[in-house]
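Please look over the chain and its fold before reading on.

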Amino acid sequence: MAAEKLRDLSQPIDVPLLDATVSAFYGTGSKAERAAADQILRELQTNPDTWLQVVHILQNTKNLNTKFFALQVLEGVIKYRWNALPVEQRDGMKNYISEVIVQLSSSEASLRMEKLYINKLNIILVQILKHEWPGRWRSFIPDLVSAAKTSETVCENCMTILKLLSEEVFDFSRGEMTQQKIKDLKQSLNSEFQLIHELCLYVLSASQRIELIRATLSTLHAFLSWIPLGYIFESPLLETLLKFFPVPSYRNLTIQCLTEVAALNFGDYYNVQYVNMYNIFIVQLQAILPPNTSIPEAYAHGSSEEQAFIQNLALFFTSFYKYHIRVLESAQEKTSSLLLGLDFLISISYVDDTEVFKVCLDYWNTLVLELFEAHNNIDNPAMATNMMGLQMPLFPGMVDGLGSQLLLRRQLYAAPMSKLRLLMICRMAKPEEVLIVEDENGNIVRETMKDNDVLVQYKIMRETLIYLSHLDHEDTEKQMLKKLSKQLTGEDWSWNNLNTLCWAIGSISGSMMEEQENRFLVMVIRDLLNLCEITKGKDNKAVIASNIMYVVGQYPRFLRAHWKFLKTVVNKLFEFMHETHPGVQDMACDTFLKIVQKCKRKFVITQVGENEPFVSELLTGLGTTIADLEPHQIHSFYESVGHMIQAEPDPQKRDEYLQRLMDLPNRRWNEIIGQARLSVEYLKDPEVIRGVLNILQTNTSVANALGTYFLSQITLIFLDMLNVYRMYSELISSTIAEGGPYASKKSFVKLLRSVKRETLKLIETFLDKAEDQPQIGKQFVPPMMDPILGDYSRNVPDARESEVLSLFATIINKYKQVMVDDVPRIFEAVFQCTLEMITKNFEDYPEHRLKFFSLLRAIAAFCFPALIRLSSQQLKLVMDSIIWAFRHTERNIAETGLELLLEMLKNFQASDFCNQFYRTYYLTIEQEIFAVLTDTFHKPGFKLHVLVLQHLFCLVQSVALTEPLWDASSVTYPYPNNVAFVHEYTIKLLGSSFPNMTVVEVTQFVNGLLESTNDISTFKDHIRDFLVQSKEFSAQDNKDLYAEEAAAQRERERQRMLSIPGLIAPNEIKDEMLDS
């Protein structure tokens, strides 16, 4: 009954009843009551006549939630139907809202009490303004300003409305209004700003009311980034702002306004005003924060207002310096205030707050890069003028003057840069290689998860410190050694201090000249090893160990040049391998591998003063060294020794070392196989299965390092390994067949499958790493056909290993055309049965999906003749699977499918079956590619979609196709050629898919494609424009459409970094030849 009464909008709505309904919705009544109230309110909201009752509701209710409900209804009408309403209704609503706002804000009491309601009304008014102003409400700004002058409380609310308007037009307008509308509103605000400017200045000079002044400053803050500059610099505005800066209640708002001014950058016209503003600011700042204040401490104990002030201060300095530091440098007599400001900023950089530090760090990185580039290009005057910001031609005699200018600039910044070095050393972020961290309870533990924010911060800090090091190597070295000596004396000892220092030392690797680096590192490593000896306590030793390992791992060039140090370091790592503190053994094994990869040749030659090569000595004590390591650490250790053996040039010695290295696992393997020959049941014992797995993993690690040279070892175990594979596979199949689908989840079955996977991984690793020797393929591939391929097709789906697919993909990629005759056998064994597994949906068997298409791609690339021999049904199966792949929403699979498609298209074009293939598949492929191209789920594949379309459009214009693509029996119109047919077909296809586009637009697009087939960048631009035009991609993040350009930009940046010593760490540079 009540619901019916509310639904009847032919008479004024029953406001008490509406209040009760709204209260029921927000109340604590039963679920049924809330649901009924919700239903009624939804119906009212969607009823097109409800909005006519809004004024009646607002005038008669005291319930705030009911008022908000009415305003919500009104907001919907303003957004979507406002311009369709009759003029009198629009004017009536506009005037009513304005009157209510003025009435409620005209007294202090109602302004405070009705704050939420007034805020909502303000938002509604601004929404109306977006339609009405300037066209139909020209007098809005004068009306508002004159209303503001009637009382201070009305004025305060007018400031809020102006701020909302500025934000709507300048900050939130994208996607909300058309470009033309935004332009009109901006012009209106600019042209009418005179009145607003006068009002703000009048308030700031005449009012004593704190809330009003704060509202005015807040409004100014919103306006300062876009108003004409004359209003700032040619009026008393700056002076007025600086007057308010020392007053605590206005300090934060004022500094935000000053930061907006500091971030403006329009040439040199107002340089004098900027210098004056900065100098007055610095004088006033010293009264608030005397230079000897410890800002980090003040921040730690400050109120939220005081903390916000320090954050704002960081933003002010960084904004000002980013755009105007040159002006302060050139005002010679004022450099002291510049240096004072830099000191403030360095002090703020020590504040323990990530966001504050990020702001400071970004600026320091910019400044130091600029100083470094000018310093680096001092030999290249033309570059240096650019760096100095001097856009002028060079005259003879200028170069010397320029050099002295650069030197003066370096001298000016010498002291701040020295302080900045200390800051970077004290606050260096943790690099990725360090695994040992302090947890929240102060315990030293192994890191469990990488923190990406810290890694990004480390990258920026490392780059900054490298530039600082290049600017003054001596000072960098002096500061680091001084801090290190304080660790030794105990004066500055703490885990954090040692960590940051060592991370900083490691981060500048490669930036010094070799001689200086050698001298510096000898002292560093000696001091760290001493520190390890004299410091007591397990946790302390773990921290020092972690730092020694990190530092030595960063300086391969030094280790290669100093055998004694290298040997000492490696023996120290062996010591750490017995240290059971969490993370220490892992880090020791990681560092050992990293050092061996960079210095491997040093271990296989007999060094001065040694009786035998280090590798031989190591193999003698192998059992003792690895006694305390976990299996995964032993595998890493074996890989490291494998790298050493790989560096031995003498085949006889190499085989002897390998035999000694593999002695322990081989003895255990022979023991297991011997027992299995007596009784197969022995192989079913879980402990034995784990033993087999461990042996295979050890072999894989060594094969990874040795490649071809692993041949003698794999030959020893290969056939027995295939027998174990077959036996375990049959065991898995029978267990799953008996126990149903859940049997595959049992730990016993999982363990057996791990052995199968590791067997496949070992064979794949060896064949992949072995040099291209056909006899290896002939020796190993035939025996695998039945035990591995036959086993795959015989197995139940849940027991099929995806690694079989990747193994044969590797084999085909490796031995190429030699494998053509084996393709039918591979096809028969894996194709049909794998497709049945993966095409039921997009989720099951994710591993099999990607590996299946990688195998297919290898066949298409290297064994194409085998695909031509397939029957038409089999080829259709292949093409369907490719289309299915690039429709996939999993990016890797879609990309592999597209790459495979391109491979197939090119190969068929060059074959005798070109006409036959394209007549069957051309239109299907074009249709499917356009489908994924215009589907936002497949945006990352854009580059490949473009290449496929380009291929198709080039093909119809080439001489490769000699027969028509259309079916003459069903198409009555005789097309003159394939180009005309494809042109019309594509227009029809896109026209029916995008009814929102006109025939002219679609035709223009297709013409553009056919005209630009030979110019890939124009072709790509046509497609990008089409995607935006078709509205498919308009309101989204379209960065994937430009991914290729972004990749090119990243490569340019890498080349730039390679040109500066140290910017790319020595460990990341491929330097095979250096290790000699």
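Predicted model: local features only at pLDDT ≥ 70, side-chain atom pairs only at ≥ 80, totals over all residues.

Residues are numbered from 1 along each chain as its sequence is written, and side-chain values use heavy atoms, with hydrogens and water left out.

The pLDDT is the predictor's confidence in each residue, on a scale from 0 to 100. Its mean for the protein is 84, and 90% of the residues reach 70 or more. Over residues 381-399 the pLDDT is below 50, and this stretch has 27 contacts in the model beyond near neighbours in sequence; a contact means heavy atoms within 4.5 Å. The pLDDT is also below 50 over residues 1032-1038, a stretch with 18 contacts beyond near neighbours in sequence.

The secondary structure comes to 52 helices and two strands. Both kinds of element are DSSP runs numbered from the N terminus, with helices (H or I) of at least four residues and strands (E) of at least two. The C-alpha trace spans about 105 × 90 × 75 Å along its principal axes. Of the 1076 residues in the protein, 52% are buried. Here buried means under 20% relative accessible area, exposed means over 50%, and partly exposed is in between (1.4 Å probe, protein chains only). Among contacts with a separation of 6 or more, 73% join residues 24 or more positions apart.

Two packed helices are described by the angle between their axes and the distance between the axes. The axes are lines fitted to C-alpha atoms, for helices over the stretch in contact, and angles run from 0 to 180 degrees between N-to-C directions. Angles under 35 degrees count as roughly parallel, over 145 as roughly antiparallel, 65 to 115 as roughly perpendicular and the rest as oblique.

Helix H26 (residues 495-507) and helix H28 (residues 538-554) cross at roughly 10°, and their axes come within 8 Å. The angle therefore makes H26 roughly parallel to H28. On the H26 side, the residues that meet H28 are Trp495, Leu498, Asn499, Cys502, Trp503, Ile505, Gly506 and Ser507; their partners in H28 are Asp539, Asn540, Val543, Ile544, Asn547, Tyr550, Val551 and Gln554. By class, the contact of H26 with H28 has nine nonpolar, six polar and one charged residues. In this scheme Ala, Val, Leu, Ile, Met, Phe, Trp, Tyr, Cys and Pro count as nonpolar, Asp, Glu, Lys and Arg as charged, and the others, Gly among them, as polar.

The axes of helix H43 (residues 846-862) and helix H45 (residues 872-886) are 11 Å apart, at an angle of about 130°. H43 and H45 are therefore oblique to each other. The crossing of H43 and H45 is left-handed; a crossing is left-handed if the near helix is turned anticlockwise from the far one by less than a right angle, and right-handed if clockwise. H43 contributes Arg849, Phe852, Phe853 and Leu856 to the contact, and H45 contributes Val878, Ser881, Ile882, Trp884 and Ala885. Seven of these residues are nonpolar, one is polar and one is charged.

Helix H47 (residues 914-933) packs on helix H49 (residues 978-993) at about 40°, with the axes 11 Å apart. H47 and H49 make a right-handed crossing. Their contact joins Tyr922, Leu923, Glu926, Gln927 and Phe930 of H47 to Phe981, Val982, Tyr985, Thr986, Leu989 and Leu990 of H49. It is made up of eight nonpolar, two polar and one charged residues.

Some single residues complete the account. Gln53 lies in the loop between helix H3 (31-46) and helix H4 (54-60). Gln53 has a relative accessible area of 7% and is therefore buried. Leaving aside neighbours within four places in sequence, Gln53 is in contact with Leu9, Gln11, Pro12 and Ile13. Val154, in helix H10 (residues 152-170), is likewise buried, at 3%. Not counting residues up to four places away in sequence, Val154 touches Val102, Ser105, Ser106, Ala147 and Ala148.

Tyr845, in the loop between H42 and H43, is not a glycine but has a positive phi of about 50°. Its relative accessible area of 24% makes Tyr845 partly exposed.
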